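Hi there,

Here is the structure I promised to pass on to you. Please open it beside this email and follow along as you read.

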Amino acid sequence: MRVNKGSAEAAMVARVPAIDRLRGLAIVAMVAYHFCFDLRYFGVTQWDFYRDPFWLHARTAILSSFLLIAGVSLVLANRHIDDRRFWRHVGTIGACAVAVSAASYAVFPQSWIWFGVLHAIAISIVLVRPLVSHPRLALAVGALAIVVGNLFSHPAFDNRMLGWIGFMTAKPRTEDYVPLIPWTGVMLLGIALGHGLLRARFRPVIVAENLPRWMDWLGRHSLAVYMVHQPLLLGALFVMFGH
């Protein structure tokens with residue numbers, strides 16, 4: 001397995017090309033999904049992103065891949081990231097989440113994003129941090145969160161004050177909804193996966209290093225790509241099709 005720079009100790013903390021490229025692949029899938037969504041928004045297609053099983057499963061797969069990789073990345077960073085860098089990272093994601101909410105309100109005022117993927121990631125990485133060094137407990141808690149989140153719902157959570165936790169009886173009217181339960185559970189599974197990959201020296205995913213090098217760049221700048229891709233896509237499609 002190749003690791004960017006360094007000794008055996010660096011191998012435990014440095015960036016892993018296979019993980020960066022898998023994250024880059026997830027970015028490509030996300031951009032493709034959003035491009036298709038935008039085509040529907042401009043009336044070019046009639047795809048149903050809210051009820052068609054294909055699009056629902058595609059969203060679930062893409063979102064799960066990001067959260068799993070986020071969990072793996074927490075394991076990789078755990079040995080060298082200090083509190084200051086950690087909270088700066090959380091603050092950056094949180095600020096981007098606020099920006100997404102504001103932008104979505106401008107474009108989709110009736111269905112703006114009040115708790116989407118960035119909101120969930122910013123809070124989840126804080127919640128799961130105490131379990132980063134405890135893979136078995138992370139696995140158990142993560143599996144429980146996923147099961148409970150998919151089996152339990154209650155009308156008391158059908159509002160924005162509590163709906164961000166999860167347990168809503170129906171998906172709210174919003175363009176992106178990623179409640180903590182069950183999705184924080186997926187990040188916890190990523191922590192358990194990260195420890196397993198460390199023990200295996202990342203051999204199970206080494207094939208990802210065969211992906212194009214530019215995916216490595218996407219993986220290392222995933223937040224920036226996330227923030228700019230939709231304005232670029234929407235701007236290009238507006239020029240082409242108007243609205």
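By the rule used here, the count comes to six salt bridges (a salt bridge is a side-chain nitrogen of Lys or Arg within 4 Å of a carboxyl oxygen of Asp or Glu). Before we go through some of them, please note that this is a predicted model, where local features need pLDDT of at least 70, side-chain atom pairs count only at pLDDT 80 or more, and totals for chains, interfaces and linings use all residues. Residues are numbered from 1 along each chain as its sequence is written, and side-chain values use heavy atoms, with hydrogens and water left out.

**Salt bridges**

One of the salt bridges joins Arg 59 to Asp 176, with the closest N and O atoms 3.0 Å apart. Arg 59 belongs to helix α3 (residues 53-77) and Asp 176 to the loop between α7 (160-163) and α8 (180-199), so this pair ties together parts that are 117 residues apart in sequence. Helices here are DSSP runs (H or I, at least four residues), numbered from the N terminus. Arg 59 is partly exposed at 21% relative accessibility, whereas Asp 176 is buried at 12%. For these words, buried means under 20% relative accessible area, exposed means over 50%, and partly exposed is in between (1.4 Å probe, protein chains only).

Next, look at Arg 129 and Asp 83, whose side chains meet in a salt bridge (3.0 Å, N to O). Arg 129 sits in the loop between α5 (117-128) and α6 (135-151), and Asp 83 in helix α4 (residues 83-107), so the pair links distant parts of the chain, 46 residues apart. Both residues are partly exposed: Arg 129 at 26% and Asp 83 at 48%. Arg 129 has another contact, as its charged end sits over the ring of Phe 86, 3.9 Å from the ring centre (this needs NZ of Lys or CZ of Arg within 6 Å of the ring centre and within 35 degrees of the ring normal).

A salt bridge can also sit inside one helix. Asp 216 and Arg 220 meet at 2.7 Å, N to O, and both lie in helix α9 (residues 213-220), four residues apart, about one turn of the helix. Asp 216 is buried at 11%, while Arg 220 is partly exposed at 36%. Together with Arg 21, these two residues are linked in a network of salt bridges.

**Aromatic rings**

How many aromatic pairs does the structure hold? There are 14, counting rings of Phe, Tyr and Trp (its six-membered ring) whose centres lie within 6.5 Å; planes under 30 degrees apart count as stacked, over 60 as edge-to-face and the rest as tilted. The rings of Phe 37 and Phe 49 have centres 5.4 Å apart and planes at 70°, so they are edge-to-face. Phe 37 is in helix α2 (residues 17-41) and Phe 49 in the loop between α2 and α3. Phe 37 is buried at 14%, and Phe 49 is buried at 5%. Ring pairs also link Tyr 33, Phe 37, Trp 47, Phe 49, Phe 54 and Trp 55 into a cluster.

**One more residue**

Finally, find Met 240 in helix α10 (residues 222-241). Met 240 is exposed, with a relative accessible area of 58%.

Enjoy exploring!

Note on methods. Helix = DSSP H or I, 4+ residues; strand = E, 2+ residues; numbered from the N terminus.
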